[in-house]
Amino acid sequence: MTKEASGFADGAHMPVPSGSQALGSHILNTLSGLLARLKHLILIPIIFLIWELGVRLHWIDGNILPAPSATIRALIDLAEAGYLWRDVEASVLRVTIGFGLAAVAAISLGLALGIWRSAAAYILPIIELLRPISVLAWIPLAILWFGLGDHSAWFIIFLGSFFPIFTNTYLGARSVALIHLQVAQCFGAGRWLFLRRVMFPSALPYIIAGLRVGLGVGWTCVIAAELIAATSGLGYMIQLARTMIETEKVMAGMIVIGVIGFVMNSGMHWLERRFIRWAPDHH
């Protein structure tokens, strides 16, 4: 028997990984990847531990800054009473509506002004005049125009989210590579075809970045609006707890706001990785 034949015969008897072994390997790889990501969060429990010890050792006044254990108990009480879920639902729904309206308006206007430069010359000065005005300055007008409740919150969220989304979208529309523009012109692409096949894909990384920023600003705006112009939501819950001097409930509301904001940002990260894998650098 030749060496090649012998080697082939030996290789034919090599063990093939079974289904359970492959599954176990996949689980180990998944766990190792998860642990690699979680190691960056190690500082959070350390901060909570120092915070808890500081209150228990009376280095920190628990009436001013409640311990994490007291905050968690307040969070559980709010959840069991049903108040937490009601307020979370109200805040998330307001952000969804206000942010959704802002995204549609800002992306549409940004792409349109990227194509029609003559119109942009007239509209951009108005946008730049309104953009520096803080959303807090609009709250009195929002209450006057829409009253207390959802409509005024939608308006405030819309304003807060609109400008970062529009700015990034317009920048992306103006950043189309010259070679892409020349190829589209050579093939006689109309404005609609150019928008769909050239401008929108080129501007997509900018649009996603604007959506991430706009969502974060919108989430901040809904809390500010609910502190003043609403009768439900996490901002209203915090304001009510403050008037009752229930500091642990104030902290519980702040933690929920931070967790939901973190989840929203993670979702936008996932969308970024999902839709613009082709981008040279989208982190």
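## Overall make-up

The protein has 12 helices and zero strands, where helices (H or I, at least four residues) and strands (E, at least two) are DSSP runs numbered from the N terminus. This is a predicted model, in which local features need pLDDT of at least 70 and side-chain atom pairs count only at pLDDT 80 or more, whereas totals for chains, interfaces and linings use all residues. Residues are numbered from 1 along each chain as its sequence is written, and side-chain values use heavy atoms, with hydrogens and water left out.

Of the 283 residues in the protein, 35% are buried, a term that stands for under 20% relative accessible area, with exposed meaning over 50% and partly exposed in between (1.4 Å probe, protein chains only). Among contacts (heavy atoms within 4.5 Å) with a separation of 6 or more, residues 24 or more positions apart account for 70%.

## The largest nonpolar core

A nonpolar core is a set of buried Ala, Val, Leu, Ile, Met, Phe, Trp, Tyr and Cys residues joined through side-chain atoms within 4.5 Å. The largest one holds 51 residues, and the members that touch the most others are Val 95, Ile 156, Phe 166, Leu 211, Trp 219 and Leu 234. Two or more residues each come from helices H5 (83-115), H6 (117-130), H7 (135-146), H8 (150-174), H10 (191-229), H11 (234-243) and H12 (247-275).

Not counting residues up to four places away in sequence, Val 95 touches Gly 100, Ile 157, Leu 215, Gly 218, Trp 219, Val 222 and Met 264.

## Helix H11 and Gly 235

Gly 235 lies in helix H11 and is buried, with a relative accessible area of 0%. Leaving aside residues up to four places away in sequence, Gly 235 touches Ile 223, Glu 226 and Leu 227; Val 88, 147 residues apart from Gly 235 in sequence, is 9.7 Å away in space, C-alpha to C-alpha.

The buried residues of H11 are Leu 234, Gly 235, Met 237, Ile 238 and Ala 241. They are on the same side of H11, because they cover an arc of only 160° around the axis, the arc being that of the directions from the helix axis to the C-beta atoms. After H11 comes Ile 245, whose phi is positive, near 55°.

## The pair H6 and H8

The axes of H6 and H8 come within 12 Å and cross at roughly 150°, with axes taken as lines fitted to C-alpha atoms, for helices over the stretch in contact, and angles running from 0 to 180 degrees between N-to-C directions. H6 is therefore roughly antiparallel to H8, since angles over 145 degrees count as roughly antiparallel, under 35 as roughly parallel, 65 to 115 as roughly perpendicular and the rest as oblique. Arg 117, Ala 120, Leu 124, Ile 127 and Leu 130 of H6 make the contact with Phe 163, Phe 166, Tyr 170 and Arg 174 of H8.
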